[in-house]
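Please examine the sequence and the three-dimensional structure shown here. The paragraphs that follow begin with a single residue, turn to the chain as a whole, and then return to particular places.

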Amino acid sequence: PLTVLTFRWNFLLHGFESSGFHIANLLLHFICSGLLAVFSAQCGFSCWWAALLGSFFLIHPVHTESVLYIVGRADLICLSLILLSCLLHLKVSPPRNLLVALMAVVISSILLIAAGLCKETGFCFFGLLVGWDILWLTWQPSNVRLWIRMLLLLFLGTASCGLRWWYTGTTIERMDPFSNPVAAEKDQMVRILSYALVHGIYGKLLVWPSFLCYDYSFDAVPLVRSLSDCRLLLPTSCYLAFFGLINLSLRTLRPSKRGELPIVGMAILILSFLPMSNLLFPVGTMIGERLLYIPSAGLLITILALLQEKVPNNRGVILCLLLSGLIFAYLTAQRVPEWSSPEAITVADALKQKRSTRVQYNLGTHYMSNKRYDEALSTFELVMDLDPAGNDCMPFYHAGQIQIYRGNNTAAEALLAKAVSG
């Protein structure tokens, strides 16, 4: 609801002029990048490493959808509120004055609840503050104020998540098999293997986002039906890398904010990724690039914190980071113009995402609205081939319209009959 409220504010300022919505998203992205740099500096990053972290986050190609697609604002506001809550939590840690600590808990909780009202992932970050306090309690077990703060955060977080669950539940009624075909699959082993592949694709998007698309629905990512499927090498590599980062983060853990930062980054990654992972409950999309906005912050924090800890002045590492930054900037510069208009993103992504029925259908309607009937018909026929069961009637309907325009009434009748029966 809070995200929708900001859209209302945009409308009151400039009506439906779209540039205002995009400018607001861009400003929020700059704010998030700045807050991330400030947060890392408060946790022990040097100014150079903090600036590097903020810059990497600012130019990461996977963020183009979150920033340029207006509905991505939910992730932008959510992360900014999470970071503000973490900064306040850090400011009064360890708590020396009980009253100040309690006031900080209330404000931090309000910020996290507000984050959850922008995007439900925000509620999960009560777990970050509670986990952080538990970590400090292992080093200061006799700190009564810390115990009180941790228990109060645990209570408020549990109550907030419980109210959210009571009000909305955790299931999606009538799961759309086009948006998330894995959730509609009946074979449990196929679901497990396919979700593992989805995790691998998410990992690749975080590390090497060379292929970006606004849609990965049916049948962009074919389901994995066998352990011999070579695509499983991708999630295997990602899981190994994930546990490797966990291991390195635990090895550097020590009672200082800088020593805690790698594991804090992993906590941010885990808490933001779990709700979208399909492990706890099925989500309404196969893969969504904008869902990686918050997880990417956690991964960048962990990687740069470990590099600062292990090889802070290694010229080779710094050179590799700068080269990676240039590659990210180039990929982002390539992607941004594709979001310049609905037509541009429709054509650009349809040319590279040949297996998505939704992307190809949108391309077909684009061709049809421009009276490019031959191209539209071939595109709708491709959609029919991708979905032999004919679950969607609209490609048949539009193909039938085109045949009527051409005077092919017999072919049009057959297509329209399928559209009506579907």
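Between which two helices does the loop that holds Asn 278 lie? Asn 278 is found in the loop between helix H12 (257-273) and H13; helices here are DSSP runs (H or I) of at least four residues, strands are DSSP runs (E) of at least two, and both are numbered from the N terminus. The phi angle of Asn 278 is positive, about 70°, although this residue is not a glycine. Asn 278 counts as buried because its relative accessibility is 9%; buried means under 20% relative accessible area, exposed over 50%, and partly exposed in between, with a 1.4 Å probe and protein chains only.

Two remarks on the model are needed at this point. The model is predicted, so local features need pLDDT of at least 70 and side-chain atom pairs count only at pLDDT 80 or more, whereas totals for chains, interfaces and linings use all residues. Residues are numbered from 1 along each chain as its sequence is written, and side-chain values use heavy atoms, with hydrogens and water left out.

Consider next the chain as a whole. Its secondary structure consists of 19 helices and zero strands. Along the principal axes, the C-alpha atoms fill a box of roughly 85 × 50 × 50 Å. Of the 422 residues, 49% are buried. Contact means heavy atoms within 4.5 Å; among contacts between residues at least 6 apart in sequence, 71% join residues at least 24 apart.

The interior may now be described. In soluble globular proteins, nonpolar side chains tend to be buried together. A nonpolar core is a set of buried Ala, Val, Leu, Ile, Met, Phe, Trp, Tyr and Cys residues joined through side-chain atoms within 4.5 Å. The largest such core has 57 residues, and those that touch the most other members include Phe 39, Leu 79 and Ile 294. Helix H5 (residues 73-91) gives the most to this core, with ten residues. Leaving out residues up to four places away in sequence, Leu 79 touches Cys 32, Phe 57, Tyr 293, Ile 294 and Ala 297. A second, separate core of 46 residues includes Cys 213, Leu 223, Ile 287 and Ala 399.

Helix H13 (residues 293-310) also contains Pro 295. Pro 295 counts as buried because its relative accessibility is 1%. Apart from neighbours within four places in sequence, Pro 295 is in contact with Leu 269, Ser 272, Phe 273 and Met 276. Pro 295 and Leu 206 are 89 residues apart along the chain, and their C-alpha atoms are separated by 8.5 Å.

Other places complete the description. Ala 183 lies in helix H9 (residues 181-184) and is partly exposed, with a relative accessible area of 25%. Lys 371 is in the loop between helix H16 (357-369) and helix H17 (373-386). Lys 371 has a positive phi near 60°, in a residue other than glycine, and is exposed, with a relative accessible area of 64%. Finally, the peptide bond from Phe 218 to Asp 219 is cis, with omega near 0°, and Asp 219 lies in the loop between helix H10 (188-207) and helix H11 (233-251).
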